Amino acid sequence: MAAVVVDLRPEIPVEVPDALGDLAALARAGDRRAMEDLLRASYDVVYPICRRIVGNPTDAADAAQEALMSVVRGLPRFDGRSRYSTWVYRIAMNAAIDETRRRARRPVVGITPGFDAPSTSPGADPEGGLTMMDVEQALVGLPLDYRSAVVLRDVCGLDYAEIAEILGVPGGTVRSRIARGRSLLAGRLGPTLEASS
């Protein structure tokens, strides 16, 4: 099987601008406007992470809102020993993982027989190749530990040390989770690529 290269990056960049650390300091000091700006900018970072982990836009929005509430609650305790970006990524990952676990406990409602699903999905590749929906579905099918590491590396572009800090695991564990996650992802996407050939 040929190597599968998949671009997991979201449409919205998830890089945390350095200025958010400055906004966090102002918000922590009680500046209401800075808090509003911080939350607005942080949402653009948090939502894409939640979307890739949770795999469902509605649940991802819930997880992102939960993450922002955690930012507000936790900001007075944020001491600046780690970068603001690392702190926000950790909060987003925790919120997305919590939402994934909550969703797993909810009853599953099936599609009503006779429901006509659209023949092509929004964003479908007219050439018959991989769509973003294919990638997201394959990503959501990964075990949560692998999915988290792959999203932080391939979506957020974080280095291994930052991922280890966010996930609270050793660097070697991060490397093996990413390698195993990518391998599983390629295996899940391989049949889709072969079917479209």
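**Rings, a core and a helix**

Student: Hi! Which ring does the charged end of R175 sit over?
Tutor: In this predicted model, the charged end of R175 sits over the ring of Y160, 4.0 Å from the ring's centre.

Student: And where does R153 lie?
Tutor: R153 lies over the face of Y160 too, at 4.7 Å from the ring centre.

Student: OK, switching to ring pairs. How many aromatic pairs does the count come to?
Tutor: The count comes to four aromatic pairs. One of them is F78 with Y84: the ring centres are 6.0 Å apart and the planes meet at 85°.

Student: Why is that pair edge-to-face?
Tutor: Because planes over 60 degrees apart count as edge-to-face, and the planes of F78 and Y84 are at 85°.

Student: What about Y84 and W87, what kind of pair do they form?
Tutor: A tilted one, with 5.8 Å from centre to centre and 50° between the planes. Y84 and W87 are three residues apart in helix α4, so about one helical turn separates them.

Student: Which residues do the ring pairs link into a cluster?
Tutor: F78, Y84 and W87 are linked that way.

Student: Are they buried or exposed?
Tutor: Buried means under 20% relative accessible area. F78 has 10%, Y84 has 5% and W87 has 12%, so each of them counts as buried.

Student: Now the largest nonpolar core. Which residues touch the most other members?
Tutor: Among the 51 residues of that core, L38, I49, L75, Y84, W87, Y89 and L152 touch the most other members. Elements giving two or more residues to the core include α2 (32–54), α4 and α8 (171–196).

Student: What does L152 touch?
Tutor: Leaving out residues up to four places away in sequence, L152 touches Y89, M93, G157, L158, I163, I166 and L167. L152 is also among the buried residues of α6, along with L144, R147 and V155.

Student: What follows α6?
Tutor: G157 does, and its phi is positive, near 70°. G157 is also one of the residues that L152 touches.

Student: Last one! Where is T100 found?
Tutor: T100 is in helix α4, which covers residues 84–105.

Student: Why does T100 count as buried?
Tutor: Because its relative accessibility is 11%, and the cut-off for buried is under 20%.

Student: And what does T100 touch?
Tutor: Not counting residues up to four places away in sequence, T100 touches I53, V54, L144 and R147. L144 and R147 are buried residues of α6.

Notes
Residues are numbered from 1 along each chain as its sequence is written. This is a predicted model: local features need pLDDT of at least 70, side-chain atom pairs count only at pLDDT 80 or more; totals for chains, interfaces and linings use all residues. Side-chain values use heavy atoms; hydrogens and water are left out. Helices (H or I, at least four residues) and strands (E, at least two) are DSSP runs, numbered from the N terminus. Buried means under 20% relative accessible area, exposed over 50%, partly exposed in between (1.4 Å probe, protein chains only). Contact means heavy atoms within 4.5 Å. A nonpolar core is a set of buried Ala, Val, Leu, Ile, Met, Phe, Trp, Tyr and Cys residues joined through side-chain atoms within 4.5 Å. Rings of Phe, Tyr and Trp (its six-membered ring) pair if their centres lie within 6.5 Å; planes under 30 degrees apart count as stacked, over 60 as edge-to-face and the rest as tilted. A charge sits over a ring if NZ of Lys or CZ of Arg is within 6 Å of the ring centre and within 35 degrees of the ring normal.
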